[in-house]
Amino acid sequence: MPAVQRDWGIVVADLRKEGTDLVLDLSLMEKVLAKHGSLRVALSSVVGVEVVDDAKHAIGWMTLMGAAWPGSLGIGAFRSHGSRGFRQFAVVHRNTPRGVRVRLQGATFDEFIVGCHNPEAVVAGLGFGGP
């Protein structure tokens with residue numbers, strides 16, 4: 001069962017463990033908007049997972065590749081804190097104000113920000129803690 005399933009009837013990103021990897025599986029529309037395919041990182045590169053109460057504003061908003069409407073939609077690669085900041089990959093829809101932050105080390109991106117309706121359940125379902 002996907003960790004992040006649907007946003008008002010539209011299939012959205014699925015964040016899940018698959019073997020020794022963490023997979024951020026994008027829907028077809030998200031792939032088009034992000035100009036990027038689904039992402040896969042080794043579980044050993046995950047250094048932290050936390051609930052974010054304001055996923056929309058956790059995104060750096062310097063778009064590297066993807067689609068962004070600040071405060072509303074962010075899908076794709078972003079850079080936070082200017083050109084020397086860290087790289088984020090975000091999948092945040094207008095109807096998913098809360099989300100999950102996955103901090104990474106030694107991966108292409110420094111973190112994933114994934115909007116979802118019940119981030120506590122997503123974190124717990126991934127086995128990284130939760131309620």
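Predicted model: local features only at pLDDT ≥ 70, side-chain atom pairs only at ≥ 80, totals over all residues.
Read along the sequence, what pattern does the chain follow? Here are some notes to go with the model above.

1. Residues are numbered from 1 along each chain as its sequence is written, and side-chain values use heavy atoms, with hydrogens and water left out.

2. **The overall pattern.** To answer the opening question, the chain reads β-β-β-β-α-β-β-β-β-β-β-β-α. That gives 2 helices and 11 strands. Helices (H or I, at least four residues) and strands (E, at least two) are DSSP runs, numbered from the N terminus. Of the 131 residues, 44% are buried; buried means under 20% relative accessible area, exposed over 50%, and partly exposed in between (1.4 Å probe, protein chains only).

3. **Surface and contacts.** A contact means heavy atoms within 4.5 Å. Among contacts with a separation of 6 or more, 42% are between residues 24 or more positions apart.

4. **The six-stranded sheet.** An open sheet of 6 strands runs in the order E6-E10-E11-E9-E8-E7, and its pairing is mixed. Its edges are E6 and strand E7 (62-69), each of which pairs on one side only. From one strand to the next the twist averages 10°, using axes that are lines fitted to C-alpha atoms (for helices over the stretch in contact) and angles that run from 0 to 180 degrees between N-to-C directions. Two strands count as paired if DSSP finds at least two bridges between them. E7 and E8 are antiparallel and share 7 bridges, and Trp69 has Leu73 in E8 as its bridge partner.

5. **Strand E11, between two neighbours.** Strand E9 (residues 87-92) runs parallel to E11 and is joined to it by 4 bridges. Strand E10 (residues 99-104) is antiparallel to E11, with 5 bridges.

6. **How covered is E11?** In strand E11 (residues 111-115), 5 of its 5 residues are buried. In a regular strand the side chains alternate between the two faces of the sheet. For E11, Glu111, Ile113 and Gly115 lie on one side and Phe112 and Val114 on the other, and both sides are covered.

7. **The E10-E11 hairpin.** There are 6 residues between these two strands, and Gly106 takes a positive phi near 80°. Thr108 also sits in the loop between E10 and E11. With a relative accessible area of 61%, Thr108 is exposed. Its C-alpha atom is separated by 7.9 Å from that of Arg87, 21 residues apart along the chain.

8. **A contrasting threonine.** Thr96 belongs to the loop between E9 and E10. Thr96 is buried, at a relative accessible area of 2%. A polar atom of the Thr96 side chain lies 3.0 Å from the backbone oxygen of His93.

9. **The three-stranded sheet.** Another open sheet has 3 strands in the order E3-E4-E5, with antiparallel pairing. Strand E3 (14-18) and strand E5 (39-42) are the edge strands, each pairing on one side only. Here the twist averages 20° from one strand to the next. E3 and strand E4 (residues 21-25) are joined over 5 bridges, and Lys17 has Leu22 in E4 as its bridge partner.

10. **The cores.** A nonpolar core is a set of buried Ala, Val, Leu, Ile, Met, Phe, Trp, Tyr and Cys residues joined through side-chain atoms within 4.5 Å. The largest has 24 residues, of which Leu15, Leu24, Phe89, Val100, Val102 and Phe112 touch the most other members. Elements giving two or more residues to this core include E4, E5, E9, E10, E11 and helix H2 (119-126). Apart from this core lies another, of 8 residues, including Ile59, Phe78, Ala90 and Ile113.

11. **Val102 up close.** Which residues does Val102 touch, not counting residues up to four places away in sequence? They are Leu15, Leu22, Val46, Gly48, Val49, Asp110, Glu111 and Phe112.

Technical notes: Polar contact = N/O pair within 3.5 Å; in protein donor to acceptor, adjacent residues only side chain to side chain.
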